[in-house]
Each structure stands twice: as C-alpha cells, then as structure tokens.
Amino acid sequence: MLLLPILLAIRAAEGDADLVARLQRREPQALGDLYDRYGRLAYSLILRVVRDTGIAEDLVQETFLRVWNRAQAFDAQKGAIGPWLLAVARNRAIDYLRSAGGRERNAVEFEETDHPALYIDMEQGILASDKARRVKRAVEKLSAQQRQVIELAYFEGLSQTEMAERMGQPLGTVKTWVRTALKNLRDELGAAAVSA
Amino acid sequence: MTCAELQDHYELYALGLAEEPERGEIRAHLDRGCEVCMVEIKRAREMAALLGGSAAPAAPSPRLRRRILASVGAGEHSFGWAAFLAGATALAACAAFYFAGRERQYFDEARVLREQTRNQIIQIARLNEAFAILNSADTTVTSFGENQPKPKGRVFLNPSRGLLLIASNLPQAPSGKAYELWFLTKGGKAVRAGMFQSESDGTAIDIARGAMDMKNTAAVAVTMEVEAGVDAPTSTPMIVAPLAAASQ
C-alpha cells in the first residue's frame, strides 16, 4: 500500500514521450492526459504535506500549470515528465508550508526548475516495481528516528537544524540519523540497480 | 571540491538538506554539466521520488481537472451548464409552444361561445318581438300555401308593431342568395321589408318591425334574391299572402 500510487503509474509512464511532445505543441488536452496519469499521485503527495484538501487542490493546480509553462525544457524523445512533476508538486507544497509557517525558503527546492533534464529517463527506474519494493523495504528497516527525519525532510522540507529543534535532539545526532538513513536507502537502490 | 568529495551529499541535496559549501559546489558542478554529478543527482532524485510515493493514496475532487484545464483555456466536452441550459431552453420553448397553442385554442373556443351567446340573445329578442306581435289583440293572421306542398305558413300583422312571418317547407337558399320580404301595395308596388334565411329544416321566422300602413298594403310576398337585396323583385314570388285586413 505504501508505494501503490507509484505502482499504479507504471503503465501510465510508457506514453510519456508522446505526452511531452504534445505538451510542447501546447495541446491543452495533453495537460488533461498528464493530469489523468499523475493527478492523484501529485495530490496524494501534496495532501500528505499540507494536510488540507482545499489547499492541496490549489497546489496541484499550480503544479500542473508550472509543468505546462515549462514543458519546453524537456526532451520529447526521452520523456520522463512524471518524476519532475512530482518534484514540482513536493516543492509547491513545502513552499506553502514554509510561507504559512514564516520559515525561509530552502534554496534547493527550486533546483528542479534549473535542471529539469536531470529527470530524463528516470521513470525507467523510479517506476520499476522491484526497485520500489526494495526502497519500501529499506524504509521499513530504518529506525523510528531515521524514518522520522526522512519524512520531516521530504514531506515538510525541514533542514537538519530545524529537525533538531523540532525533535529536541542535538544537531549532530540528527545529522547522523539522516546520513545513516540515506546510506541505507542508497544501498538498497544500488542493489536494485545491479539486479535490474 | 571534487565529485568524490561530494559523494555523500547528493541525497542530502536532493532532499534539500545539503548545507554550504557542499550545496553550492554541487550546483556549480551541475551548471557546468558535470556528468558524474548529473548521474548522481539523477539517482538521488530517483530515491527522493520513491519516498514521495509513500504518501497515502487520496483522490482530489472531480472538478479539479476541469479547473486545471480551464486555466489553460481548454473546455471539457462533458454534460455541463451549457448542455443543461440548452435543454432548459428547448424545454421552455416546447412549453411556450404548447401553452401558446392552448391559449389559441381557448381564445377560439371563447370566440365561438361569444358568437353563440350573441346569436342566442338575438334569437331571444326576436322571439320576444314575435310573442309581442302574437299576443297583441289587434294582430290579424293570414295563412298562405295551404293545400300546397311548399312553402306554406302564416303572416301575423300588427298595425303598430309590424309583421311576423312564420313559414315552412322553404328550400335552402343557394350560396349568395337569400329570401327577401316585400309589402305589395294596393297600387301594385313592391316595397322592401327585409332579408331572411331559412333554417336547415326549411322553417323561417322573419319580422318586419315598425308601424304598418294597413290601408295601402294588399299582400306580402317573398322572393329569392341576392344576399344584399334588391330594390324590386327579380324573380317569381315563392310566397304571396294577401292580407286579411286589406280585404276588409
């Protein structure tokens, strides 16, 4: 259940190259098709961050408009618009949280618009169910603290300093949890890449 | 910094956790197209995207899709307000047409009823006049057409009220024709006394109102003439009734 949205998008990603080409030709119906493929996934992600259905829908709309306006940055032959869209969705949601909470923006949240090409070909790996299962298992293997810092980082966009304040733990301890969690996940992904 | 020195910071960068100076170094590598860093960042973002899939599945409202498409100027081909309004307009048109037809029907029926009422009022007035002539003590009666197959009837003559003609066996006047009543003077002149039509059963009642010149009127006659009437008879009289008073 944890990775069900991604698994559901496996088939949808197969036609992304054609979809990107249509978006670049400014065909409005292509945006409808993009929404049909990734709308629920983006909404689930944003709702997990902001925890308000009305705000989540507004942010989903912002996300798709941003992708619509920046579709020219993609290579239509290679596709891979879905992961980029999800990154935009996450950043819209975290940006909202930071604005609502009076926090400063984290500079890295805008990276996805500077280097959208880095998402090309990503869905071949991101949507592979075997790899998704491996990451799921890796997340489950994390300690409670490690899992918490990953979720605070991903779903709330907290910096390590902010996580330390939130959790009432020394910054060094939080950094250790983060690095350990990421290493475990990386190792899992690496193993998946070898086995793929 | 070298790519090797940044090795432990790619995931931190992808999650927004990288700190300076590593964050700036990675960005600089990416900006100059460092292939090693681009591959590593792809991998790190792949992992981050997988983390995003751990959110509990949720479904937005159906109208969100329409909102998004409308924001880029694309309408949805669905049954919406336009179709609803078109249907409502068509229904209203049908209702207007139906009620307009009913209104015309009611109007026509009212017109017929008004015509019938008017005719009945006229008939009642004529009958009252006829009864007045019949009941007057000074009214005299003359029969005509007796022992003839047609037409036959009676003429009631009152000096002050006028003449009442009651006839039967009158043939239906052809289209454009009507019966004309004449007073025939003793001098042989025919004086117009009015037009009338027979009923479908061949009966007819006609009244010539006003005081009668009893001394100079020898008879009454009826001819078939054009509906507008003529100044002098143009056909052989169908009825000729010598007045009893004239013979006195």
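User: How do β1(B) and β2(B) pair, and over how many bridges?
Analyst: β1(B) pairs with strand β2 (residues 152–158) of chain B in the antiparallel sense, over 5 bridges. Two strands pair if DSSP finds at least two bridges between them. Helices (H or I, at least four residues) and strands (E, at least two) are DSSP runs, numbered from the N terminus.

User: What kind of model is this?
Analyst: This is a predicted model: local features need pLDDT of at least 70, side-chain atom pairs count only at pLDDT 80 or more, and totals for chains, interfaces and linings use all residues. Residues are numbered from 1 along each chain as its sequence is written, while chains are lettered from A and ligands numbered from 1 in the order in which they are written.

User: Back to the strands. Which residue is the bridge partner of Thr142(B) in β2(B)?
Analyst: Val155(B). Also, Phe144(B) stands opposite Gly153(B) in β2(B).

User: And how does β2(B) pair with β3(B)?
Analyst: Antiparallel again, over 7 bridges, with β3(B) covering residues 162–168. The two strands form a hairpin with 3 residues between them. Asn158(B) has Gly162(B) of β3(B) as its bridge partner.

User: What is the strand order of the open sheet in chain B?
Analyst: The order is β1-β2-β3-β6, 4 strands with antiparallel pairing. β1 (140–144) and β6 (204–209) of chain B are the edge strands, each pairing on one side only. On average, neighbouring strands are turned by 15° against each other, direction ignored. Axes here are lines fitted to C-alpha atoms, for helices over the stretch in contact, and angles run from 0 to 180 degrees between N-to-C directions.

User: Which strand is joined to β4(B) by 9 bridges?
Analyst: β7(B), residues 217–226; it runs antiparallel to β4(B), residues 177–185. Phe183(B) stands opposite Val220(B) in β7(B). β4(B) also pairs with β5(B), residues 190–196, antiparallel over 5 bridges. There, Tyr179(B) stands opposite Phe196(B).

User: How many residues lie between the strands in the hairpin of β4(B) and β5(B)?
Analyst: 4 residues, and Gly188(B) in this hairpin takes a positive phi near 90°.

User: Zoom out. How many helices and strands does chain B have?
Analyst: 6 helices and 8 strands. From the N terminus on, the elements run α-α-α-α-α-β-β-β-β-β-β-β-β-α. Of the 248 residues in chain B, 28% are buried. A residue is buried if 20 or more other C-beta atoms lie within 10 Å of its own, with C-beta atoms placed from the backbone.

User: Now chain A. Which residues of α2(A) are buried?
Analyst: Asp16(A), Leu19(A), Val20(A) and Leu23(A), in a helix that covers residues 16–24. Seen down the axis, the buried residues of α2(A) fall within an arc of 100°, so they line one face of the helix. The arc is that of the directions from the helix axis to the C-beta atoms. After α2(A) comes Arg26(A), with a positive phi near 60°.

User: At what angle do α3(A) and α4(B) pack?
Analyst: About 145°, with axes 9 Å apart; α3(A) is residues 28–50 and α4(B) is residues 63–71. Pro28(A), Leu31(A), Gly32(A), Tyr35(A) and Gly39(A) of α3(A) make the contact with Arg65(B), Ile68(B) and Leu69(B) of α4(B). Two residues are in contact if their C-beta atoms, placed from the backbone, lie within 7 Å.

User: How do the residues of that contact divide?
Analyst: Into 5 nonpolar, 2 polar and 1 charged. Ala, Val, Leu, Ile, Met, Phe, Trp, Tyr, Cys and Pro count as nonpolar, Asp, Glu, Lys and Arg as charged, and the others, Gly among them, as polar.

Methods. A residue is buried if 20 or more other C-beta atoms lie within 10 Å of its own, exposed if 12 or fewer, and partly exposed in between; C-beta atoms are placed from the backbone.
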